[in-house]
Amino acid sequence: MTVIRFFSGEQIPVEMHKTKILQKLNLIPIDKRLEAITKAGYNTFLLSNSDVFLDMLTDSGTNAMSDRQLAAMMIADDSYAGSETFTRLKKVCQKIFDMEYFIPAHQGRACEHLLAQILVRPGQLVPMNYHFTTTKAHIVSMGGIVVELIHEEALNPESSFPFKGNMDVDALHELLSDRGPEQIAFVRMEAGTNLIGGQPFSLANLKNVYHVCREFGVPLVLDASLLADNLYFIKTREPGCKELTVAEIVREISRHTDVIYFSARKLGCARGGGICTTDQDLNARLSELLPLYEGFLTYGGMSVREMEALAVGLEETLDEDMISQGPMFIAYMVEELERQGVPVVTPAGGLGCHLDAMRFLDHVPQRQYPAGALAAALYIVSGVRGMERGTLSEQRNLDGTEPLANMELLRLALPRRVFTLSQVKYVIDRVVWLYHHRHLIGGLEFVEEPETLRFFLGRLAPIGDWPDKLAEAYAQELAVSHL
Ligand code: F0G
């Protein structure tokens, strides 16, 4: 990706790739969208994709693959054991992360499951820069306790601090001295911190966290699912890192981490996951669990075709043109929305553009899930599917009480190399319209609430008839603008 200054004076990101394969899209009329979201229990996860125009739910497994990735899939060796494909993928991981061992798994949460099984004992703490939904669920299911040691700017949606994913290193030091290493399962850093708006950590912060972990003999585990975005931000925002190549930055990161795991649905633009480590004992224990939960050691539940695509995808992640595409499109969207007065999380992060539902819908109480309501409202007026990242995405406490999320965000993910700028402009246009009509949006309540990870399958209903009124206002506006 590169920013080209147009003679008109405009400054917009221009893709350094072209489209070779495409998928036709549908934009169904608003009355059908209202029907569809009602049928989906006001949960965008439950919409059928044939009813969706632009799918900005997630970047997970939806990034566009390159021609080289698709070509590589054809040479996959599908032997159950000792596959050549595994050897190729392992070599790429060893080269990029400079870690000896590689354990394949079917996706990111499978890595979290295996690591939690081995590393977490009941009552132990897992300090982290912020939790992720599946990570926390696995740690808690093993009796562990997540402790967030976040940067003071992390939860400020209007901040301009470039590294909101940084961990509070002093707090980590204090916690480890107070509790002692026996009470700490591991320390976890998440690249491109998902739930606070795709915000990165700095290389300097990671190094400081690592030194504290070394001092107390506690392992440092890196969730590298969103590493590509984080690399871009280190390279472009961190003093002293501009001259480093992307490969050099990855090396520095892995030199200061004990275990790296990732969802290959995000990192490497394929579908799968993996754990890299230099720890021989951990590798042996992971290798024992792998055939029980995932598959044999040389595929771990992944399709060998995806493994070939992943090997190429990981190598392509070292290319600045590749890793800049998502963040530059996101920055365009965030800056344009901000210019038009819409509350968004700043600075622009990775993964997607995050609307701040707490400010967008300041009349909707948090117990009525403003971010979920905003997701439903945006689908109704645009056919765009986003994802709630707020209280709905939280789990109830053991006593049944409902914790309120720190932030209520509607995430509009921009899977890498998928959407065009005109599509991004369409979304901006509809979000701005919605912001001007925000008083028409009301809250939601649960009709069916699953116990675990309730945001995936939970069903909700609007409080009052606001969706009909919103659809009416939108249809009227459309009729007038077509006159
Ligand atoms: N860690 C992070 C930071 C993630 O963003 C995800 C997935 C996972 C772990 C789990 O990986 O899905 O392959 O099992 N994030 C997806 C999302 C679900 O939409 O943000 P997985």
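Student: At its relative accessibility, does Ala-228 count as buried or exposed?
Tutor: This is a predicted model, in which local features need pLDDT of at least 70 and side-chain atom pairs count only at pLDDT 80 or more, while totals for chains, interfaces and linings use all residues. Residues are numbered from 1 along each chain as its sequence is written, and side-chain values use heavy atoms, with hydrogens and water left out. Buried means under 20% relative accessible area, exposed over 50%, and partly exposed in between (1.4 Å probe, protein chains only). Ala-228 has 7% relative accessibility, so the word for Ala-228 is buried.

Student: What distance separates the C-alpha atoms of Ala-228 and Met-322?
Tutor: Ala-228 is found in helix 8, residues 227-237; helices (H or I, at least four residues) and strands (E, at least two) are DSSP runs, numbered from the N terminus. Ala-228 and Met-322 are 94 residues apart along the chain, and their C-alpha atoms are separated by 8.7 Å.

Student: How many disulfides does the count come to?
Tutor: A disulfide is a covalent bond between the sulfur atoms of two cysteines. The rule used here asks for a pair of cysteine sulfur atoms within 2.5 Å. By this rule the number of disulfides is zero.

Student: How far from Cys-276 is the nearest cysteine sulfur?
Tutor: Cys-276 is also a buried residue, with a relative accessible area of 1%. Cys-276 is in no disulfide, and the nearest cysteine sulfur, that of Cys-93, is away by 4.5 Å.

Student: How many salt bridges does a search of the whole structure find?
Tutor: Side chains of opposite charge can pair when their charged atoms come close. The test for a salt bridge is a side-chain nitrogen of Lys or Arg within 4 Å of a carboxyl oxygen of Asp or Glu. Over the whole structure, the number of salt bridges found is 27.

Student: The side chain of Glu-190 meets which residue in a salt bridge?
Tutor: Glu-190 counts as buried at 3% relative accessibility. The N to O distance of the bridge is 2.7 Å, and the partner of Glu-190 is Arg-188.

Student: How many residues apart in sequence are the parts tied together by Glu-402 and Arg-367?
Tutor: The side chains of Glu-402 and Arg-367 meet in a salt bridge of 3.2 Å, N to O. Glu-402 lies in the loop between strand 13 (387-389) and strand 14 (409-413), and Arg-367 in the loop between helix 13 (357-360) and helix 14 (370-382). Glu-402 counts as buried at 11% relative accessibility, whereas Arg-367 counts as partly exposed at 46%. The separation in sequence of the parts tied together by the pair is 35 residues.

Student: With which residue does Glu-449 form a salt bridge?
Tutor: Glu-449 is partly exposed, with a relative accessible area of 31%. The closest N and O atoms of the pair are 2.9 Å apart, and the partner of Glu-449 is Arg-454.

Student: Which residues are linked with Glu-449 in a network of salt bridges?
Tutor: The pair of Glu-449 and Arg-454 forms a salt bridge, and so does the pair of Glu-402 and Arg-367. Both pairs belong to one network, in which Glu-449 is linked with Arg-367, Glu-402, Arg-454 and Arg-396.

Student: What is the omega of the peptide bond from Thr-346 to Pro-347?
Tutor: Most residues other than glycine have a negative phi, and most peptide bonds are trans. Pro-347 is found in the loop between helix 12 (320-339) and strand 11 (352-356). The peptide bond from Thr-346 to Pro-347 is cis, with omega near -5°.

Student: What is the positive phi of Leu-351?
Tutor: Leu-351 is found in the loop between helix 12 and strand 11. Leu-351 counts as buried at 1% relative accessibility. Although it is not a glycine, Leu-351 has a positive phi of about 70°.

Student: What value is the phi of Tyr-42 near?
Tutor: Tyr-42 has its place in the loop between helix 1 (30-39) and strand 3 (54-55). At 6% relative accessibility, Tyr-42 counts as buried. Tyr-42 is a residue other than glycine with a positive phi, near 55°.
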